[in-house]
Amino acid sequence: MRVNPVREWVREQRCLSSTTLQPEQKPAAPGASLALSGLRKAFGDLIAVDGVNLEVLKGECFGLLGPNGAGKTTTIEICEGLTPPDAGAVKLLGLDWRKNANELRQRIGIQLQETQFPDKLTVEETLRLFRSFYRQGLSSEEAIRVAQLEEKRKSRVGTLSGGQKQRLAMACALVGDPELLFLDEPTTGLDPQARRHLWDLVDELKRAGRTIILTTHYMDEAERLCDRVAIMDHGKIIALGTVRELISSVGGEHIVEFAVRGDAIAVDVSRLTAIDGVRSHRVDAGFHQLAVTDLHTTVPPIFAELAAMNLELSEFRTHSATLEDVFVALTGRNLRDE
Amino acid sequence: MSSLQARFQTSSLFQLTLARFRLFLREPEAIFWTFLFPILLALGLGIAFRNRPADVLPVAATTPQLTQALAADKGLNAKTVDAAEGAHELAIGTIQLLAVQTSQGVTYRYDDTNPDARAARLLADRAVQAAAGRHDAIAAQNDLVHETGSRYIDFVIPGLLGMNLMGSAIWSLGFSIVEARQKKLLKRMVASPMPRWQYLAAFLLSRLLLLAIEVVVFLGFARLAFEVPFRGSLWQLAALCVLTSLALSSLGLLIASRAKTMEAASGLMNLAMMPMWVLSGIFFSASRFPAVIQPFVRALPLTAAIDALRGNMLQGMSLAELTAPVAILLAWLVIPFAIALKIFRWR
């Protein structure tokens, strides 16, 4: 029996007693939902994916992270069976696109980056259409409830806001009750409130135990949603792990940033990096950034050294290290520069 | 029963066809071009080329005696003018002919390239000669015939029907597919387990449903307003309409199979349809074109369609007598469809 987490969740929402539920059990098999090895894809001279190896476990929410053009979308479209790889192996749910394409399409859910559904169909009609492609799945009613589009059921797609359209795309991805869900940049172009709304939706899906693979170029999104992330750059995976592991790999849990008035060259960097607990230093857009292990033991000596150098501070601030800092540490570039 | 109905309603082919149908009905412009425009065109042409009772031709003469002689003919409306005024009226077209009294007899001033003026010349001369005492050598009687089926409107209705079938098939298919491709909807659809053939089949099914409405409305109008004849079998006429629509849909599919933008698709559609608008005999017979290009003209799907429709409606020909155009249409159905399936760009 297939696991049916969304339906289960919907049932919970409807406060049905658990005794009425059919005994549905997750298969104990720990096997990977997705396994990529030696994946390569080039478009002409451009190498979009350059030897990617990856495993995503069942029930995991996995984030593929990186700047625009890093190869995330190409990677995910290879996984979705939309693009054939030049080399390498793709296994989804233990199946292969070349042999089990129809079976796989029944069992995965897909949300593409820029799909525009027909403006003149209603939400309900669109979902009924997509539902008809699947052997089994949610009813269009359930999908509407999961995506919280109840009030828009009879509205035409053309009248929906960006966030509502994205939730409709999500509902279309869920309507076949997929075992594996691909979300390609689900919140790109949305306003902050709509983003948060979508994150809540992904949270619910995670709680229901669904395997989710999403791409994003927002570090905060990955931190908020993903159990594990892979950071991609120039077609390669340059870091892989939980958010906590990646952040601690930078060498400091916190980042101290400051700027000085006048000549920044007057800053003697060696005196700062000599402070116990300061792990690294770099300059970005006029700001000195120090990765430090502990704020309360490192900030006083940093102040003392700056005062000793006779520098006047124009800015001083600290933040907890983020995936953004990880990316900077690994590539020397900012994500937003891309 | 209800479970059968439910299975039908959850079938993907039904849902795809329903979606196509809805999308068409929710597009007011499409409804205008498909249903109203051909009717307006037929109405306009019907009025412009209606068979009027023979006109009374306006003429003038320079003397009252001549005017009297001319007025004796029921086909002429004569008045007396002086020479200068007559020349002016000839120039602006309010009279077709000016009869000028001269010392030798009568001079007729008229434009011999204008058929009405030539008719006025014949009538005027007959009236003047009769007034002068000429008698007919042979007694003649007129027996007037006004038969439907040989009028211009009868000729043009099958042409307009063919043109309309072409337009709706090519525009609706081409634009819908290219729009879906441009909006990445096509990509999303093929990423789902939807059988690809059903996506294309849904276009043809919704087209056939619309075709039934389109043809019945248009031909019904032609019948009621102009009493256009239907001399062949109505079932065979329906079969010809279906064949025409499918053959041109197949061409529309081919046009839409690669194009990535609406502009590109629009250009290709015009490129495909323009020769047929001009050459396929919508408004006048295609046989007027020079013999050199006749093989090309005959091979066009719209020429074959219009020939077959006219054969059925005006001459009452059966399908067995229309094998040549039907074979051409079948070829246009099969070949572009096969190519389109091979080269179709799904994303």
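Cys61(A) stands opposite Ile212(A), a residue of strand S7 of chain A. Here two strands are said to pair if DSSP finds at least two bridges between them, and strands themselves are DSSP runs (E, at least two residues), as helices are (H or I, at least four residues), numbered from the N terminus. The model is predicted: local features need pLDDT of at least 70 and side-chain atom pairs count only at pLDDT 80 or more, whereas totals for chains, interfaces and linings use all residues. Residues are numbered from 1 along each chain as its sequence is written, while chains are lettered from A and ligands numbered from 1 in the order in which they are written.

Strand S3 (residues 61–65) of chain A and strand S7 (residues 211–216) of chain A pair in the parallel sense, over five bridges. Both strands belong to an open sheet of six strands in chain A, with the order S5-S6-S7-S3-S8-S9 and mixed pairing. Strand S5 (108–111) and strand S9 (236–242) of chain A stand at the edges; each has a single partner strand, so one side of each is left without a neighbour in the sheet. On average, neighbouring strands of this sheet are turned by 15° against each other, direction ignored. Helix H12 (residues 323–331) of chain A packs on the sheet and touches S3, strand S8 (228–233) and S9 of chain A. The direction of H12 makes about 40° with that of S8(A); axes are lines fitted to C-alpha atoms, for helices over the stretch in contact, and angles run from 0 to 180 degrees between N-to-C directions.

Within strand S6 (residues 180–184) of chain A lies Leu183(A). Leu183(A) is buried, with 27 other C-beta atoms within 10 Å. A residue counts as buried if 20 or more other C-beta atoms lie within 10 Å of its own, as exposed if 12 or fewer, and as partly exposed in between, with C-beta atoms placed from the backbone. Residues up to four places away in sequence not counted, Leu183(A) touches Gln111(A), Ile212(A) and Leu214(A); contact requires that the C-beta atoms, placed from the backbone, lie within 7 Å.

Chain B has 14 helices and four strands. The radius of gyration of chain B is 29 Å, well over the 20 Å that the globule rule gives for 347 residues, so chain B is more spread out than a compact globule. This radius is taken over C-alpha atoms, and the rule is 2.2 Å times the number of residues to the power 0.38. Of the 347 residues of chain B, 38% count as buried. An automatic or database domain assignment divides chain B into domain 1 (3–49 + 148–343) and domain 2 (57–131). The centres of these two domains of chain B, taken over C-alpha atoms, are separated by 52 Å.

Between the chains, 19 residues of chain B are in contact with 21 residues of chain A. On the side of chain B that touches chain A, helix H2 (12–25) and helix H8 (185–191) of chain B are the elements that give two or more residues. The largest share, six residues, comes from H2(B).

Two residues of chain B were examined for their backbone angles. Lys184(B), not a glycine, has a positive phi of about 65° and is found in the loop between helix H7 (152–182) and H8 of chain B. Glu227(B), likewise other than glycine, has a positive phi near 55° and is placed in the loop between helix H9 (196–226) and helix H10 (234–256) of chain B.

Terms used:
Contact = placed C-beta atoms within 7 Å.
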